[in-house]
Amino acid sequence: GARSDMGRAVAHLLAAEGRPILLAGRDVAALERDAADIAARHRVEARALAWDAADLAGHAAWLDALPETPGVVLSAVGLLGDQDATQEDPARIAEIVTANFTGPAVALEAAAVRLAALPGPTAVIGIASVAGDRGRARNYWYGAAKGGFATMLSGLRQRFAGTDLLVMTVKPGFVATAMTEGMDLPAPLTLTAEAQAELIVRARRKRRAKVMHWKWALLMGVIRNLPEAIFLRTRF
């Protein structure tokens, strides 16, 4: 998902550490421009390859075809979709679930197996969402998919506990990106893609398994614990 705003921002921060960068996604021409920009700015090797999250059967072979296994793999794939248009359309539901759950989950599982075999500390990082913590009428298919992804990452983390592989779950709240463009987001709770990327890179450096901005940690603590009778009457 390297064309996403968060994915691109994380790539720049890792390149600033001197790491070579591989950008993967469907729009290779655009990724090649991003790779050239990263290489010029940070004086590291950066390249682009075609990759599709929906190609579930191809993820393992794609990783095995790389000349070198990367030490950090980030999935920044996401599709918000439109709840009203999605909820009674099986094709749209499948697209939302594949983009936000099964595609990234299968890819990171394949990556985890390979990174865990490398010497030294490695990391797989999945961007889930606070939307997965409790279903809401306005985005429950998106939330359900992101919640499933977070649960899968939790299981993957336990599977590789005691190894040098870090399995990190990132749960952003509102982030000003192309995906949320045009939405009326509350400024006090909205991060830039660059600020969210800094949280991710700092957490990887400190080997933290979970990442959520402190404001959202407080807010979601309240939302998760609202009694169901009260929650059903809310419309946030």
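1. Accessible areas here come from the Shrake-Rupley method with a 1.4 Å probe. On that basis the accessible surface of the protein is about 12,200 Å². Carbon and sulfur atoms hold 55% of that surface. Note that this is a predicted model.

2. Secondary structure first. The protein has nine helices and eight strands. Its radius of gyration is 18 Å, close to the 18 Å that the globule rule gives for 236 residues, so the protein is as compact as a globular protein of that length. The C-alpha trace spans about 55 × 40 × 35 Å along the principal axes.

3. Of the 236 residues in the protein, 42% are buried. Buried means under 20% relative accessible area. Among contacts with a separation of 6 or more, 69% join residues 24 or more positions apart.

4. Charge comes next. The protein carries 28 positive and 24 negative side chains. The centres of these two sets lie 8 Å apart.

5. Strand β1 covers residues 21-25. Four of its five residues are buried, so β1 is largely enclosed by the rest of the structure.

6. Now the pairing of β1. Its partner here is strand β2, residues 46-50. The two strands run in the parallel sense, with five bridges between them.

Technical notes:
Residues are numbered from 1 along each chain as its sequence is written. This is a predicted model: local features need pLDDT of at least 70, side-chain atom pairs count only at pLDDT 80 or more; totals for chains, interfaces and linings use all residues. Side-chain values use heavy atoms; hydrogens and water are left out. The radius of gyration is taken over C-alpha atoms; the globule rule is 2.2 Å times the number of residues to the power 0.38. Buried means under 20% relative accessible area, exposed over 50%, partly exposed in between (1.4 Å probe, protein chains only). Contact means heavy atoms within 4.5 Å. Lys and Arg count as positive and Asp and Glu as negative; His and the chain ends are not counted. The place of a charge is taken as NZ of Lys, CZ of Arg, CG of Asp or CD of Glu. Two strands pair if DSSP finds at least two bridges between them.
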